[in-house]
Amino acid sequence: MAKEFVPAGADLELRGIRKEFPGFTAIENLDLQIPAGEFFALLGPSGCGKTTTLRIIAGLEEPTSGQVMLGGQDVTFTKPHERPVNTVFQSYALFPHMSILENVAFGLRRRKIENPIPKAMDALNLVELGYAAERRPQQLSGGQQQRVALARALVNRPSLLLLDEPLGALDLKLRRQMQIELKAIQMEVGLTFLHVTHDQEEAMDMADTVAVMHKGRIEQMGAPEALYERPKTAFVAKFLGQSNIFVGQAVESSANSLAIEIAGTKLSVPKHRAEKQSGKIALGVRPEKAFFHHEAPATSPDLNILGPGEIKDIRFTGVSNQYLIEIPNVGDLIVFAQNVGMSPVAELGQQVWVSFKVEHTFGLSDLPAGDED
Amino acid sequence: MAFAAFSSNKPAPNAAPMKSGKIVLALLLPGLLYLAMFFMVPLASLLVTSLESPDPSGAIGQYVYAVDFSSYGNVISRYFPQILRSFGYAFAATFFALVISYPLAYFIGVRLRTRPLIQKLTLTLVIAPFFISFLLRTIAWKQILSDNSPTLTFLRSIHLLGDNQFFLGTPFAVIWGLTYNFIPFMTLPLYTSLERLDLRYLEAAGDLYANPAQVFRKITLPLTMPGVISGTLLTFIPITGDYVNASRDFLGSSQTSMIGNMVQADFLQNSDYPSASALSAILMGVILLLVTVYVRRTGTEDLL
């Protein structure tokens, strides 16, 4: 089955892409390189320019300036039907007047490839929908339609497959299942995938590389783990997972660590985890890497301690409890505590101290909205 | 029948459960009465008349009830050229109306989507001719195409038209008039289909290696077929029975008369009511047959 698809992904490179619409700029000076065979996710909130980026790559929009290079060739002004790129659209856009099989065979027929029907059938079998070949799109469920859309794109063996939030319309369980299938298919066929999504879990789960896009620019790009452990901007820290962020003036700097002062307490960060070394600095920590204590913990150079504060809210989410802790002059902190047999471990209104390891602290290059100078 | 295409391509899957038979009947009654009085009764009267035979006394315009099918044979042999001509003109005029209306409807329904105000304005322009009686508009064309009109003088001066050539009274003028008069009936259903066309299908087809011509042939045209069908039916059926454009008082001559002109002449001038009725019945039968075959062939039985 897999032999039907020759791994022939191509490198994609965007050079200085800029796209202006009447009244606003959707993309500002975007540079991006995606190596062949990679599963790349473009992650961002709605309106960040990610779908426009995808449409420029597909050829459905022309950039105001910049170049789109595919496999080393400039395709900026190539028409969509002449690009070796296929898209799985957010709306699926399956042709309602054709059978599922004819939908999948459409691209093959247009390119006059031999035996379009057996090839389309193979692709349908790959997404386990061979039995629905003669049905019409309207007769399938959302998840099935999504798989047909995927088969219709994959069967053409494009150099680059674009996925425009294809899982957005599915319910959680189906979505999970499709994520696993999609990843498996990508590994099997070895194509370059560019997945556009606003779902950070989906992006981190599936992609080799994630680029976080915000207001038409790429804020940060890297492997999902790196992005999660070391967010470099306040936007990434907040959009990709949750973060507790503290803003203070840099007060101390040693060979390998840096400290800021906030409400009379010093918080340290390793120098190699800090983007900014002086002035007003934002430090952060992930909620699952913070702990609370009923007594003030012993001070240690490896530990950042805040408190005392008061538990304002407890949310039970199944695997963990999420505590909202208000610390005077510092603000609200979120702490996740796993439910490993002793839940709840704290009561609402209790006085607690919060600690987290210096090595888990990260320093941001900018300040969160509202804290700018 | 064809009007169904204006609202939806699909019949409702399930009728609402019968709540109260009496209320439903009361609501249906005005429509049923209307149909009975203004369709069934005249139709029956027409069919009965078509079977009458001449009064034995020989008085002109007097007929007696009979079951006499001879009128049918008579009119077919007498009016065969007019019958053929009617369908020939109707095919031609429908074809030209479609060729002119589709790009127009596409422009208004697809290209002008981003400019709703201009879209509504252009649509009004398509309907605007209805504000003037179509008799007046056809007479206007008669003047424009008449032998000594500035149009013909100009065409002659640039030698596009010879000195002995003219428009009025030719099949060309009649088809021209028919096409002109029925273009709005073609454009409006096409517009409704095209205006609803989901452009994402066109993008998807382009993404799947279809060039613009293939996108049109494989996606746009099939998806707007309901509009094409209702448009062609709404033009073809009335054109076949039209008696204004082909009349010698308007754009035609005795060489261009259609079935409608013959029905008119038999009813109003010759007082040959059975022949006129038989001709009407034949016209209706042939149209019904053609439309059924057409709708079956294009796979849009929902319309019937």
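Modeller: Contact here means heavy atoms within 4.5 Å. The model is a predicted one.

Colleague: OK, with that in mind, how many residues does the contact take from chain A and chain B?

Modeller: It takes 25 residues from chain A and 17 residues from chain B.

Colleague: What area do the two chains bury between them?

Modeller: About 1,900 Å² between chain A and chain B, with 64% of it on carbon and sulfur atoms. On the chain A side, H81(A), H97(A) and R110(A) supply 31% of the area that chain A buries against chain B, more than any other three residues.

Colleague: How many salt bridges across the interface of chain A and chain B?

Modeller: The rule finds 1 across that interface. The side chains of R55(A) and E203(B) meet in a salt bridge, at 2.5 Å from N to O.

Colleague: Switching to chain B by itself. How many helices and strands?

Modeller: Chain B has 12 helices and 2 strands. Read from the N terminus, the elements of chain B go α-α-β-β-α-α-α-α-α-α-α-α-α-α. The C-alpha atoms of chain B fill a box of roughly 80 × 75 × 35 Å along the principal axes.

Colleague: Take helix 11 and helix 12 of chain B. At what angle do the axes cross?

Modeller: Roughly 155°, and the axes come within 8 Å; helix 11 covers residues 259-269 and helix 12 covers residues 273-297 of chain B. Angles over 145 degrees count as roughly antiparallel, so helix 11 and helix 12 of chain B are roughly antiparallel to each other. Helix 11 of chain B passes helix 12 of chain B in a left-handed crossing.

Colleague: Which residues make the contact?

Modeller: From helix 11 of chain B, I259(B), M262(B), V263(B), D266(B) and F267(B). Helix 12 of chain B contributes residues including Y273(B), A276(B), L279(B) and L283(B). By class, the residues of this contact of helix 11 with helix 12 of chain B divide into 8 nonpolar, 3 polar and 1 charged.

Colleague: And helix 3 of chain B against helix 12, how do they cross?

Modeller: Helix 3 (residues 70-109) of chain B and helix 12 of chain B have axes that come within 10 Å and cross at roughly 45°. That makes helix 3 of chain B oblique to helix 12 of chain B. The crossing of these two helices of chain B is right-handed.

Colleague: What meets what there?

Modeller: Helix 3 of chain B brings residues including Y72(B), R78(B), Y79(B), F87(B) and F91(B), and among those they meet in helix 12 of chain B are P274(B), I282(B), V286(B) and L290(B). The contact of helix 3 with helix 12 of chain B has 16 nonpolar, 2 polar and 1 charged residues.

Colleague: Last one: helix 9 and helix 10 of chain B. What angle, and which residues?

Modeller: The axes of helix 9 (residues 212-223) and helix 10 (residues 225-241) of chain B come within 4 Å and cross at roughly 55°. Helix 9 and helix 10 of chain B are therefore oblique to each other. L221(B), P222(B) and L223(B) of helix 9 make the contact with M225(B), P226(B) and V228(B) of helix 10.

Colleague: How does that contact of helix 9 with helix 10 of chain B split by class?

Modeller: It has 6 nonpolar, no polar and no charged residues.

Notes
Residues numbered from 1 in each chain as written. Chains lettered and ligands numbered in written order. Predicted model: local features only at pLDDT ≥ 70, side-chain atom pairs only at ≥ 80, totals over all residues. Heavy atoms only, no water. Axes fitted to C-alpha atoms, helices over the stretch in contact; angles between N-to-C directions. Parallel < 35°, antiparallel > 145°, perpendicular 65-115°, else oblique. Left-handed = near helix turned anticlockwise from the far one by under 90°. Nonpolar A, V, L, I, M, F, W, Y, C, P; charged D, E, K, R; others polar. Buried area = accessible area lost by both parts, 1.4 Å probe. Salt bridge = Lys/Arg side-chain N within 4 Å of Asp/Glu carboxyl O.
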